[in-house]
Amino acid sequence: MKNFFLIIFLLHAVFCFGQSNDVVDFKAMYLPSHSYQEVHEQNFHTEVTYIGSKEFLKRLRKKKIKNPSIAESKEIVKATFNSGAMDADSIFPITLKFVNTSNSSGKKVVPDGTTIYGKCKCGELPKIDSVVSSLLTADFKKTMANNIQNIFDQINLPRKTLKTGEEFSKEAPLSIPFGSTTLDMIITTTYKLINVSHDSAFFDIKQVFTVKSVLAGNNLTATGSGSGVMIYDIKNMFYSYYKVTYAMLMTTVADNFSLSVNMSGDDIISVKITDEEK
């Protein structure tokens with residue numbers, strides 16, 4: 001009789017948890033008939049410092065240029081991503097609606113109510129069809145559609161079966177305007193599985209910023225790194241929380257001065273996921 005109850009208990013554990021407490025089948029994707037309520041907060045800090053002769057610094061003061069020059073900014077985007085029912089070809093419609101956006105200057109990042117329409121094949125990335133807003137120009141809508149598509153590409157993380165302690169990495173390009181040139185960098189993000197519960201997997205995040213290319217004669221250098229955490233919703237196959245804090249230093253040397261730019265901030269995303277089929 002004791003063995004019978006032991007077997008029942010073990011079967012109950014298997015069916016309730018579905019995965020070992022140190023293994024996760026990681027595959028981040030949008031599912032049909034789901035609602036994703038997202039809040040995305042970005043905080044930025046920039047400090048620009050000039051180093052030069054007394055005469056050069058005196059000219060800066062005459063032009064009323066602060067040295068160092070410090071700027072703080074913040075953006076918050078609240079949006080809802082909804083997916084419809086899947087058809088016979090495993091394709092389902094999607095809508096991304098910007099509910100409320102704001103930044104520290106009091107301006108709207110995107111007009112409230114702006115809606116993006118598209119479609120998605122199960123297991124693949126969404127494809128944008130159109131952007132609808134009476135307050136945006138056709139050119140802005142086209143740029144916005146491309147930017148959103150790029151974001152979808154960046155969250156396309158590889159599918160992995162991971163044990164606690166195992167990790168995987170993904171590279172993403174980053175282009176930063178810097179004076180008269182553009183600094184091309186690669187961000188390598190490494191996700192390490194730390195813990196698995198019955199409904200969530202917890203990852204540590206490490207980032208390294210590497211300069212990809214610099215034009216000859218620019219005397220431009222850059223370094224950067226970041227760290228954070230990600231919580232993966234096992235049942236809904238998507239992250240429910242994502243936070244990265246980063247810092248980057250860029251420097252350039254000219255004939256009579258040098259310039260350093262310290263950039264830091266954090267990127268925080270929280271997602272409430274609802275299965276609309278229930």
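**Thr 190 and its surroundings**

A: Leaving aside residues up to four places away in sequence, Thr 190 touches Glu 167, Phe 168, Ser 169, Asp 204, Ile 205 and Lys 206, where contact means heavy atoms within 4.5 Å. This is a predicted model, in which local features need pLDDT of at least 70 and side-chain atom pairs count only at pLDDT 80 or more, whereas totals for chains, interfaces and linings use all residues. Residues are numbered from 1 along each chain as its sequence is written, and side-chain values use heavy atoms, with hydrogens and water left out.

Thr 190 belongs to strand S9 (residues 181-196); strands (E, at least two residues) and helices (H or I, at least four) are DSSP runs numbered from the N terminus. Because its relative accessible area is 18%, Thr 190 is buried; buried means under 20%, exposed over 50%, and partly exposed in between, with a 1.4 Å probe and protein chains only. The side chains of Thr 190 and Ser 169 are joined by a polar contact of 2.8 Å. Such a contact is a pair of N or O atoms within 3.5 Å; within protein, one must be able to donate a hydrogen and the other to accept it, and residues adjacent in sequence count only if both atoms are side-chain atoms.

The structure holds 18 aromatic pairs: rings of Phe, Tyr and Trp (its six-membered ring) pair if their centres lie within 6.5 Å, and planes under 30 degrees apart count as stacked, over 60 as edge-to-face and the rest as tilted. Since Phe 203 lies in strand S10 (residues 200-213) and Phe 26 in strand S1, the pair ties together parts 177 residues apart in sequence. Phe 26 has a relative accessibility of 1% and so counts as buried; Phe 203 is likewise buried, with a relative accessible area of 1%. Phe 26, Phe 168 and Phe 203 are among the members of one aromatic cluster, which also includes Tyr 191.

Charged side chains form a further set of links. The structure holds 4 salt bridges, each a side-chain nitrogen of Lys or Arg within 4 Å of a carboxyl oxygen of Asp or Glu. In one of them, Lys 119 meets Asp 129, with the closest N and O atoms 3.2 Å apart. That pair links distant parts of the chain, as Lys 119 is in strand S5 (residues 115-121) and Asp 129 in strand S6 (residues 127-132), 10 residues apart. Lys 119 counts as partly exposed because its relative accessibility is 39%. Another salt bridge joins Lys 108 and Asp 112, at 2.8 Å from N to O. Here Lys 108 is partly exposed at 44% relative accessibility, as is Asp 112 at 38%.
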